[in-house]
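Me: I would like to go through this model with you. Could we begin with how the parts are arranged?

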Amino acid sequence: MSSRSPVPAAERPGESLRLIEVKVAENQEIAPGIFRVAFPRPWDFFPGQTIALSTDPSIPARYYSIASGCHDPVVEILYDLVPEGLLTPRMAGLGAGDTLLSSEPFGAFLDGDGASLWIAAGTGVAPFASMARSGMVEDKTLVQGSRTLAGLYLRGYFSSVLGARYVPCCSTESAAGVFSGRSTAWISSAALPDAERVLLCGGSRMVVDARDALIARGVPFERVISEIYF
Amino acid sequence: MGAAVKSLFGATLESLGQVAAEAGLPAYGARQLSDWLYRKHATGFQDMLNIPSRAREWLSQRYTVDTPGPVKVTESKDGTKKYLFPAAGGGFVEAAWIPEGKRATLCLSVQVGCKMGCLFCMTGKQGFQAHLSAGEILNQYRSLPERDSVTNIVYMGMGEPMDNLTNVLESLEVLCSPDAYGLSPSRITVSTIGLIPAMEQFLERTRCHLAISMHSPFDEERRRLMPVENVYPLKDVLAALRKRSWGRQRRVSFEYIMFNGVNDTDRHAREVARILEGIRCRVNLIPFHPIPATPLAPSPRDTMERFEQELKRRGILTTIRQSRGLDISAACGMLSTRELVRVRGEQE
């Protein structure tokens, strides 16, 4: 059953880049170099949407997909710590009660009713976490790729809500129930589920490779929607 | 010394001023350095004879001004040449020199690879490897054998200029500064897929022309071709452009690669004309140069002409770009990808 929140407060990034202060509820490292930050939800949003975050008006905001459900009391974001970056080292140092600057949600990487194949790597799993946590689990299949088992964020959660329609893929470590290899190898070799649409999210390399693999398997490109983190 | 020697090539006048001050040069030292770097094409500080020898010695211990030339050139039957330059991480970037009558256009790259993942783009298949520095961007001009015959420069090669804005702006400053290359901004066009915040900064800070990659007027369809549509939809790009006046001094154009049966119908032409209403602009229809394993095919010539006529009939200045360099991997990113594959193959 898919579920959507009321109309989001902002649809246009130009308008949404007005940043408001929010208070950090939680900020923790969930895997080496990967953090989860949460703050009380100040607006409605569609699962799959994005916000701009910064710690200070002098630091350019960067965009992050929302990972929490649209009815959850907090907004949750996953981010990679980029040691040489301007923003994420500061974000990583925030604790509960500290101030973070957030835009309103925007973006159109959205799913709908019907069967979908979701493919993600790294923090690109965030929009699919948001969709699943918003109740969009029926007929949804998630293929999550990672180099390490630790990088399969929310593996337990996805296993519990998607069951056999959750396909974790790991290219350097093995574990029971985890496909050994890259997600593109799974796409190239597995029986693909019937899906009205395929949603891809992650870094450009993964998205482009996965899209090429899907097209090689005969998936019409019109069915493939990509969200690239840049 | 022990410290790494940095390249001074690509530095703006302001940066050269800081270097000149540190080198103990007078205030006009920055202009002297700029003159040697960009007008006299010095390849070493020993050439800079109006700079005191002690300062030259100080500079040469900390900086270099030499730049690598192209490692490969391929020439088309139509006169187009593609130059390959080495780049960070063992990759390559392409610069295309496109002569046409009295006009000669140089197409520059700004990144090694690209993050934007457009479905039709070969560069995107390389993934993103690195931003080019201002010096690396400018070196594609400096090291071009045909440099003195270049009439126009377009930032339409590998990479998304607005994703490397700082270095693109610095390179434009050097190209347009009367103390450096002194080119007119009206000879320079910078292309973007529509990263709005950076595009607005570009429009504030330069007077160069802007080209927007449109490729479809329908957001759902454009989303399939260009993932950026999720975050920066075309309608918002157009809204940002409408806030500005577009006169004779500065031009905005829309690039439209034509894919057979995808974006080349009368319905598309009507919608392109509708959404561009009120924006003084031109549309360039571009033949698609197929890339390996693409699900897209080029539109037939007569379809392109019909599309052109439909836009013209609706008052949109429209041209069909000529295909150039078809025999030398015309699609942007093809040549560098092949070279990358070849070099990596040799290394393995």
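**Domains, strands and contacts**

Reply: In chain A, the centres of domain 1 and domain 2, taken over C-alpha atoms, are separated by 23 Å. Domain bounds here come from an automatic or database domain assignment. This is a predicted model, in which local features need pLDDT of at least 70 and side-chain atom pairs count only at pLDDT 80 or more, while totals for chains, interfaces and linings use all residues. Residues are numbered from 1 along each chain as its sequence is written, and chains are lettered from A and ligands numbered from 1 in the order in which they are written.

Me: Which residues does each domain of chain A cover?

Reply: Domain 1 of chain A covers 13-102 and domain 2 covers 116-229.

Me: How many residues of each are in contact?

Reply: 17 residues of domain 1 of chain A are in contact with 12 residues of domain 2 of chain A. Two residues are in contact if their C-beta atoms, placed from the backbone, lie within 7 Å.

Me: Which elements of domain 1 give two or more residues to that side?

Reply: They are β2 and β6 of chain A. β6(A) gives the most, with three residues. Helices (H or I, at least four residues) and strands (E, at least two) are DSSP runs, numbered from the N terminus. By class, this side of domain 1 of chain A has 10 nonpolar, five polar and two charged residues. Ala, Val, Leu, Ile, Met, Phe, Trp, Tyr, Cys and Pro count as nonpolar, Asp, Glu, Lys and Arg as charged, and the others, Gly among them, as polar.

Me: In which sense do β2(A) and β3(A) pair?

Reply: Strand β2 (residues 26-31) and strand β3 (residues 34-40) of chain A pair in the antiparallel sense over five bridges. Two strands pair if DSSP finds at least two bridges between them. The hairpin of β2(A) and β3(A) has two residues between the strands, and A:G33 takes a positive phi near 80° there.

Me: What is the bridge partner of A:E29 in β3(A)?

Reply: The partner of A:E29 is A:F35. A:F35 also stands opposite A:Y79 in β6(A). β3(A) and strand β6 (residues 74-80) of chain A pair in the antiparallel sense over seven bridges.

Me: Which residues other than glycine have a positive phi?

Reply: Among them are A:D139, with a phi of about 60°, and A:L154, with a phi near 65°. Most residues other than glycine have a negative phi.

Me: Where is each found, and is A:L154 buried or exposed?

Reply: A:D139 is in the loop between α3 (126-133) and β9 (140-146) of chain A, whereas A:L154 is in the loop between β9 and α4 (155-162) of chain A. A:L154 is buried, because 22 other C-beta atoms lie within 10 Å. A:D139 has 17 C-beta neighbours inside 10 Å, so A:D139 counts as partly exposed. A residue is buried if 20 or more other C-beta atoms lie within 10 Å of its own, exposed if 12 or fewer, and partly exposed in between, with C-beta atoms placed from the backbone.

Me: Why does A:G95 count as exposed?

Reply: A:G95 counts as exposed because A:G95 has 9 C-beta neighbours inside 10 Å. The residue is in the loop between α2 (88-92) and β7 (99-102) of chain A. Leaving aside neighbours within four places in sequence, A:G95 is in contact with A:V24 and A:N27.

Me: Now chain B. How many helices and strands?

Reply: Chain B has 12 helices and 14 strands. The radius of gyration of chain B is 21 Å, close to the 20 Å that the globule rule gives for 348 residues, so chain B is as compact as a globular protein of that length. That radius is taken over C-alpha atoms, and the globule rule is 2.2 Å times the number of residues to the power 0.38. Of the 348 residues of chain B, 46% count as buried.

Me: And how is chain B divided? What is the distance between its domains?

Reply: Chain B is divided into domain 1 (6-64) and domain 2 (72-347). Their C-alpha centres lie 33 Å apart.

Me: Finally, how many residues of chain B are in contact with chain A?

Reply: 21 residues of chain B are in contact with 23 residues of chain A. On the side of chain B that touches chain A, the elements that give two or more residues are α4 (122-125), α8 (219-225) and α9 (234-242) of chain B.
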